[in-house]
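Thanks for coming. I have one model to go through this morning, so let me put it on the screen.

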Amino acid sequence: MKAPRFSYVRAESLEQVFELLKQYGEDARILAGGQSLIPTLNMRLSQPAILIDINRLDMLKGISAGDGAVRIGALARHAEVAESPVIAARLPLIAAAMPHVAHVAVRNRGTFGGSVALADPAAEMPACVLALGGTLVVAGARGRREIAAEDFFRGLYETAREPDEILVEVRVPTEAPGTVSVFLELAQRHGDFAIAGLACHARIEGDTVADARLVYFASEDRPRLAKGAMAALAGKAWNDGTRAAVIGALTDDLDPMTNLDGGAAMKLHLQRVLTGRALDAAVAQARAA
Amino acid sequence: MATKEDLIRLERPNSYIGRNLTRSRARRAVAGRGQYTDDVLMPRTAHAAFVRSPYAKARIMRIDTAAAKEQPGVLLVMTGAELAERCTEPWVGTLTCFDGMKSAPQYPMAVDLAVWHGEPVVMVVAETRAEAEDACELVEIEWEPLPPVAEKETALRPGGPVVHPAIADNLAFRKTIDTGKVDEAFANADIVIEETFEFGRHTAVSLEPRALLADYDKGTQRLTIWTSSQCPHMIQAVFARTLGVPEHNVRIVAPDVGGSFGLKIHTFGDEVAATAAAMALGRPVKFIADRLESFVSDIHARENRVKGRIALSKEGVIQAVDIDVLSGAGAYSQYPRTSVFEANQILNITAGPYNHKEYRARATVVYMNKVPTSQYRAVGHPIGNSVGEALVDLAAEAVGQDPVEFRRRNVIPDEAFPTTIAAGIKLQDMSHTACIDELMKRMDYDALRAEQAVLRRQGIHRGIGIAAFIKGTAPGPSGYYGIGGAPIASQDACTIKLEPSGGVLCMVGVTDQGQGVDTVMGQIAANALGVSMESIRVISGDTDAVPYGGGTYASRATAIGGEATYQAALALRAEILVLAGVLLQAEPATLDIVDGIVVDAGTETPRIPLSEIGRIGHFQVAELPNDVKPVLSATRRFRLTDDLYIFTNGIHGAYLEVDPDTGFIKLLKHWVVEDCGRVINPMLADEQVRGGCVQGLGGALYEHCIYDDAAQLQNGTLADYRVPMAFEMPDIEVAHVQNPTTISDLGAKGVGESGTGAAPAVVMNAVNDALRPFKARVTCQPMTPEAVLRALGKV
Ligand SMILES: Cc1cc2nc3c(=O)[nH]c(=O)nc-3n(C[C@H](O)[C@H](O)[C@H](O)COP(=O)(O)OP(=O)(O)OC[C@H]3O[C@@H](n4cnc5c(N)ncnc54)[C@H](O)[C@@H]3O)c2cc1C
């Protein structure tokens, strides 16, 4: 478990990153927290020619509240996000999800941008960004692009980011007053990647779910917005009938993959269970507010 | 032999026996001064890495090492065939005590045929491990993949694939225990219950992986191996014989060992290969198994399917038990301890606490193209206990009795021992009833049942589990290894010396893997001798320093090594008192040793300190009469005589919650009451039980080596192979019933595996207790969420 030889550059500017990415393309890897990348190098699962260390690039750091949105720098560590008062006040979904991301040691190094850029299908942050309708900002020598989360996650570890681009920040709309967020996941051990999970953001008026975004993760090749279930929910009172309709709609929305945790049928079952629990919790939260 | 006075000293309230002392090695580990094998640095050390078979079964058509040899830093590339030439003869992992057992001859690395995914095939030795790994990627092997034996259920099917042409039926071993009238008992029984259980493969996952540093001195022709081992003398014998070096020229040093759990009592081909490389190169060679190769080369264990039946009278008396075990071994029987112990132990101990007279237990062990299996903590017991205790729970339910009450009526009562159980094993000094009583108190059982009932009405599904067990510890010489032909000592020994300063050196054959063996040996010696712990240094894990012994496995260190230490210390004490008697002109019997000072027995008036005895005995011998020849050293050995093991017993309780919608299990509380005889160090004994429980809980809930149809291991990383972690573990309350064994003077039985042996059983029973309202039952381990949901019919 020793990494093969590679070159290493500690980037001093974004321009240098762009230049190196242009030069090396797929042979380069950006090194953020290294919590996912370094194990794959040591296991010789990937053999990049060069690592571009972005850890000194201050412009990629920090969390700030702007006009109706929160900017999370790609280099914001999981631990910073977890402790951020801005996140706690404006993005409760992310605050609720963060304790599920790995363990303290990993959160101290791992970055928000790394997690989103890697697009692990069982990762929490991609699901949250999608549920909240966030925007991913990527940049390269060819310029800067803003990509809606809906268009960003393309498949297993596959995103709309081009090999010559770097993810610089994520912008997530502040959760509006009158909305609620529920984050649920099932993992056999605390800190493991989930075996099923749901990020739910909803506007609930009285007993009626005005609209809701349901993003399922850990069961498919990417975080999945369950459009059928969302349609079955929109404008409905949360009752047994709605519950059945929403859970029923998941059959078409989801196409779970069998993995070592269990078969597709189990994954679908668990996502259904989480759906009921999440909406029960959302309605209860709205009532309490 | 201990005298009555010696035994009284064991019981003294302020004695070292029964006292909580921290492990000496823990202090050094937390100071950052642990010395594990990888911390041992030798100048000019080279590093080995291995090319391993990517296939479960494949013929090696051609190996081209030319490119690898040209890589920077590469010193040696050796194929399996080249290594075989350096070995005296292949290993055959059989023991003569297992009648009819077969195993194919095995070389340390694959020669023509690779038979498991992960088998070492080519070794590369380079200046650094990274360079060795780089070169491994350039070794070209042309393979002819062959259909593997991937499942134990089909391994015996005629015409199917075979692991080794030499063993055409894939059958390793069959054994039956039969009391004779089992069929009759089942035919006459009022109630018969039957169930089939499936147990997945696990592996030990020690924190420190297997590790070895070998150095061959061509001048003196001495081979020194530092290795993370539980049994240095066995490693000495096997490596010496395999590599053709005289045994007495081989020194094995086991420095700090970071966990072992049975993993480190075996011989592994990659370690022999690295040692052969050191001999070939004339340079020290280090091999530290990384986590990925550990998963495909460390022994695996536990893969068994067991069909069980239990016959009852309508009053709820167990009439007979019948089990049929299909045990899935790997590609070879692991040398030199074999891969059939797991099955053998299942037969020995299943339903062992109970009073039935009729018992039939059959085992069939088959080879598969998987990692070889062998002994891992509590060998066979997690399976035998899970099966036996699940059947007992089903039986209690069938006759409408509380599972505790049912057990109370069916266990062999304490006063009936010694007796021979249905499996044909003589047991003594057992305390089932006392353990049940103590457990009930600690669990507050009736209150727990009441709480369970209340919560059930609220839709919260909690389960209470009970599992009694017997555990074979400290094996005797008539059982398996020595008598079966393996170079493994069933005795153990201690040499103890009084130094001129009055300090005491205590050299023991048993070894310390982090459980505190050194400290416990020190406590025993200090008590027997009458000195302080501070004046004793225990030396273990070095074949150049310690008397020949078996090492630490099968919960034998304290039970066997401890007794040897006790007797050696008593012998040294006797000599000291004789010398003191000469010097003081007193009868030795009127003297005693307290706190390192010879005193008048009874009044404890100080007479002469041991430092004086040491000084005179070594330097001023002229002060002694000519016919007094002080040795100030004693060696004693201890072994069992006719007994198979020193058996222990105990009972676990578990409380947990099952989420019937998700299949998730939350452990709430765990209790263990066990009888390890005299407890030397309660804190360390408790920690052994707790740590053991956690391993058992891991096996019950998480751990599983998952193979696909092509016999490829699917989850060989710590991300995918889930070991238990602190967050999910319950509080584990431990209590001891102390019923000293009559087999030794010290009275200690083994304790290291009592947690592991029954924890899976009690959790399975508790899960099924929680699922009772759903009429669902989980019969496989690990009990994953999917397994629970399947049992509930939800997926
Ligand atoms: C034991 C363990 C448990 C874990 N559990 C979880 C978990 O439960 N949930 C979870 O979500 N994650 C988990 N992780 C992963 C962890 O969150 C990682 O930190 C994260 O996925 C990647 O972040 P990083 O900063 O470490 O990225 P790195 O490892 O440095 O990089 C990961 C990948 O993303 C690329 N990359 C990184 N930053 C950028 C960027 N700005 N632009 C473009 N590409 C970039 C890299 O090139 C690389 O390919 C776990 C990790 C470990 C070791």
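Strand S22 of chain B, residues 504–508, pairs with S23(B) in the parallel sense over 4 bridges; strands here are DSSP E runs of at least two residues, numbered from the N terminus, and two of them pair if DSSP finds at least two bridges between them. Within that pair, Cys506(B) stands opposite Val538(B) in S23(B).

This is a predicted model, in which local features need pLDDT of at least 70, side-chain atom pairs count only at pLDDT 80 or more, and totals for chains, interfaces and linings use all residues. Residues are numbered from 1 along each chain as written, chains are lettered from A and ligands numbered from 1 in the order written, and side-chain values use heavy atoms, without hydrogens and water. Chain B averages a pLDDT of 97, pLDDT being the predictor's confidence in each residue, from 0 to 100.

Back to the strands. The pair belongs to an open sheet of 4 strands in chain B, ordered S23-S22-S21-S27, with mixed pairing. The edges are S23 (536–539) and S27 (633–638) of chain B, each pairing on one side only.

What lies across the strands S21, S22 and S23 of chain B? Helix H16 of chain B, residues 517–529, does, running at about 135 degrees to S23(B). Helices are DSSP H or I runs of at least four residues, and angles, from 0 to 180 degrees, are between N-to-C directions of axes fitted to C-alpha atoms, for helices over the stretch in contact, meaning heavy atoms within 4.5 Å. Helix H17 of chain B, residues 557–584, lies across S21, S22 and S27 of chain B, at about 150 degrees to S27(B).
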